[in-house]
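Here is a briefing for a reader who is meeting this structure for the first time. Please look over the sequence and the structure before reading on.

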Amino acid sequence: AAAGIFWTASEPGRALAVVVAVLVATCPCALSLATPVALGVAVAELAGRGVIVARNQAVEALARATDVIFDKTGTLTRGELRLVDVTVRGGVARDHCLEIAAAIEAASEHPIGRAIAAAGTGSPALHVEEIRNVPGAGVEARVDGRRYRIGTPTFVLGLATAPVATPESAAGTQVWLGDEFGVLASFALGDELRPEASEAVDALRALGVRVHLLSGDGERATADVARRAGIAIVRAGASPEDKRRYVVELQRQGRRVAMVGDGINDAPVLAQADVSLAMGGGTRLAQMRSDVVILSEDLRELPRAVGYARTTLRVTRQNIAWAFAYNLLVLPLAFSGMLTPWAAAIGMSGSSLLVVLNALRLQRQHGERPARAAVPEAAALQA
């Protein structure tokens with residue numbers, strides 16, 4: 001408008017050409033392409049590595065992450081729990097306790113529940129009703145008319161009228177079974193640490209990211225996994241609400257938190273984190289609440305994704321800076337009449353092309369894609 005008024009008053013014959021040149025030169029094509037093109041390339045490249053980005057803003061949040069919090073079961077460990085020991089209390093038959101526990105956990109999605117259900121004795125199905133899942137604690141149900149609880153010691157002892165303190169076993173994750181009269185049995189479950197876990201933790205620390213382990217399991221099992229993975233900041237026996245509060249406290253300190261989990265119990269903390277990641281073998285609920293799903297099940301992809309997200313953010317800033325600089329440069333040229341409409345069109349197209357080419361550099365910077373079976377599936381899901 002200013003150009004039209006000025007040139008109409010001073011040189012009417014050139015007013016239209018100058019106005020068109022100003023409009024074309026300042027068209028924000030490059031600026032509008034700066035971010036989405038870079039993000040589009042990044043999301044496609046990550047999908048090729050088996051890392052599915054559900055929300056584009058997750059790329060920027062991952063680039064800014066200062067702390068990464070891991071859940072234990074199914075995240076740092078394979079999540080393929082197996083029953084390694086059953087300790088019976090009160091003279092109850094071992095197979096009977098295992099049968100009750102398997103019946104209660106028959107429909108569970110949690111790795112612990114699946115492991116106990118798989119270890120069932122194969123006896124005729126019991127009548128299970130009034131199932132109530134308590135996230136981070138366990139399951140309460142009525143089996144053949146009698147009420148039972150299976151889960152953490154505190155949760156199980158809460159049902160008993162005369163609880164008996166029983167020391168925690170050192171043999172992995174400990175799960176108790178009890179009724180109103182006390183503890184019936186304890187189940188020790190073992191899990192294998194992912195072979196790439198310590199390498200992934202070291203790579204995150206090399207990027208300047210603090211690594212935490214936050215688990216609902218007992219002190220011994222959690223500390224053992226933390227020691228083998230090389231994680232120094234550890235908190236065990238955390239309920240879902242404890243985990244959420246832990247993240248909130250870090251955020252109050254100005255930290256940007258990335259949470260990696262895979263279970264139903266992780267849904268609240270995944271929703272609270274600045275960016276949330278779920279493993280491909282985790283529960284559907286955890287995946288639905290997550291911004292990123294590591295479909296490849298390879299923890300080394302996490303530090304790679306963080307580094308790549310930082311590169312993407314840097315390229316995005318370069319694109320935005322160039323788009324602003326270009327518009328600021330050509331505006332006075334077009335306004336003064338030194339830039340013709342066709343030259344402005346060429347410059348605008350060239351600026352947009354430069355932004356796209358700069359974003360395409362991200363393909364080369366991410367390196368070769370891994371040749372693994374999960375990659376085609378990842379690309380299909382992304383599409």
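Is Glu 241 buried, exposed or partly exposed? Glu 241 is partly exposed, with a relative accessible area of 33%, where buried means under 20% relative accessible area, exposed means over 50% and partly exposed lies in between (1.4 Å probe, protein chains only). The model is a predicted one, in which local features need pLDDT of at least 70 and side-chain atom pairs count only at pLDDT 80 or more, while totals for chains, interfaces and linings use all residues. Residues are numbered from 1 along each chain as its sequence is written, and side-chain values use heavy atoms, with hydrogens and water left out.

**The sheet**

- Seven strands make up an open sheet of mixed pairing, in the order E1-E13-E12-E11-E2-E9-E10; helices (H or I, at least four residues) and strands (E, at least two) are DSSP runs numbered from the N terminus, and two strands pair if DSSP finds at least two bridges between them.
- Strand E1 (51-53) and strand E10 (233-235) stand at the edges with a single partner strand each, so one side of each is left without a neighbour in the sheet.
- Strand E2 (residues 67-70) pairs with strand E11 (residues 257-261) in the parallel sense over four bridges, and Asp 67 stands opposite Val 257 in E11.

**Salt bridges within helices**

- The count of salt bridges comes to 25, a salt bridge being a side-chain nitrogen of Lys or Arg within 4 Å of a carboxyl oxygen of Asp or Glu.
- In helix H11 (residues 240-252), Arg 245 and Glu 241 lie four residues apart, about one turn of the helix, and they form a salt bridge whose closest N and O atoms are 3.6 Å apart.
- Like Glu 241, which is partly exposed, Arg 245 counts as partly exposed, at 44% relative accessibility.
- In helix H14 (residues 301-335), Glu 301 and Arg 304 lie three residues apart, about one turn of the helix, and their side chains meet in a salt bridge (2.9 Å, N to O).
- Glu 301 is buried, with a relative accessible area of 1%, whereas Arg 304 is partly exposed, at 34%.

**A network of salt bridges**

- Glu 130, Arg 132, Glu 140, Arg 142, Arg 147 and Arg 149 are linked in a network of salt bridges.
- Within this network, Arg 132 forms a salt bridge with Glu 140, the closest N and O atoms being 2.8 Å apart.
- Arg 132 is partly exposed, with a relative accessible area of 40%, whereas Glu 140 is buried, at 7%.
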